[in-house]
Amino acid sequence: MSIWWSLHLRRDAASVPLARRLLLGTMETAGVDPDVSYDLSVALTEACANAVEHGGDTAHGVSTGAYRVTAYLDGEKCRIEVTDSGPGFARPHPRPLPARPDAEHGRGLCLIEELADHVHIGNNPDRDGAVVSFDKILKWREDAPLMAV
């Protein structure tokens, strides 16, 4: 079983829950274990929030640009990629440093690393922008209608 979808979204905070709901709905319909679905949805939320906040130019307080979310459920793995159109990282991105527990910013990439099995953070090789991709091995509900065989 293989499912994939891709969204081209405006850099607007309202786009983040849309991507999250689509991912959760896809995984629920396929029969993915709710705990795995929740972990991936939190990681996706953090990646999208970063794309909205840092992924493009801001003119007169209004966000411009777009970002893309692509999700692949393929066999026993889910892979998610969030690509923005911002300046990307100034240097190769190292592993994120843990933020202070009381920090209001800077915890998103650390959360993604904790919730996913494999994470890649870097610049888009084809054009400007950052790419955050992560994957996780799926667990299935016993009654999963689309469980991988």
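**Reading the fold and its core**

Trainee: What pattern does the chain follow, read along the sequence?
Mentor: This is a predicted model. There are three helices and seven strands in the chain. Read along the sequence, they give the pattern β-α-α-β-β-β-β-α-β-β.

Trainee: Which element gives the largest share of the largest nonpolar core?
Mentor: That core holds 35 residues. Elements giving two or more residues to it include β1 (2-10), α1 (15-30), β4 (66-74) and β7 (130-137). Nine residues, the largest share, come from α2.

Trainee: Which residues in this core touch the most other members?
Mentor: Take Phe-134. Beyond four places in sequence, its contacts include Leu-40, Leu-44 and Ile-80. Those three are also on the list you want.

Trainee: Is Val-16 buried or exposed?
Mentor: Val-16 sits in helix α1. Residues under 20% relative accessible area count as buried. Val-16 has 11% relative accessibility, so Val-16 is buried.

Trainee: How many Å apart in space are Val-16 and Cys-48, C-alpha to C-alpha?
Mentor: Leaving out residues up to four places away in sequence, Val-16 touches Thr-45, Cys-48, Ala-49, Val-52 and Tyr-67. Val-16 and Cys-48 are 32 residues apart in sequence. In space, C-alpha to C-alpha, their separation is 5.8 Å.

Notes. Residues are numbered from 1 along each chain as its sequence is written. This is a predicted model: local features need pLDDT of at least 70, side-chain atom pairs count only at pLDDT 80 or more; totals for chains, interfaces and linings use all residues. Side-chain values use heavy atoms; hydrogens and water are left out. A nonpolar core is a set of buried Ala, Val, Leu, Ile, Met, Phe, Trp, Tyr and Cys residues joined through side-chain atoms within 4.5 Å. Buried means under 20% relative accessible area, exposed over 50%, partly exposed in between (1.4 Å probe, protein chains only). Helices (H or I, at least four residues) and strands (E, at least two) are DSSP runs, numbered from the N terminus. Contact means heavy atoms within 4.5 Å.
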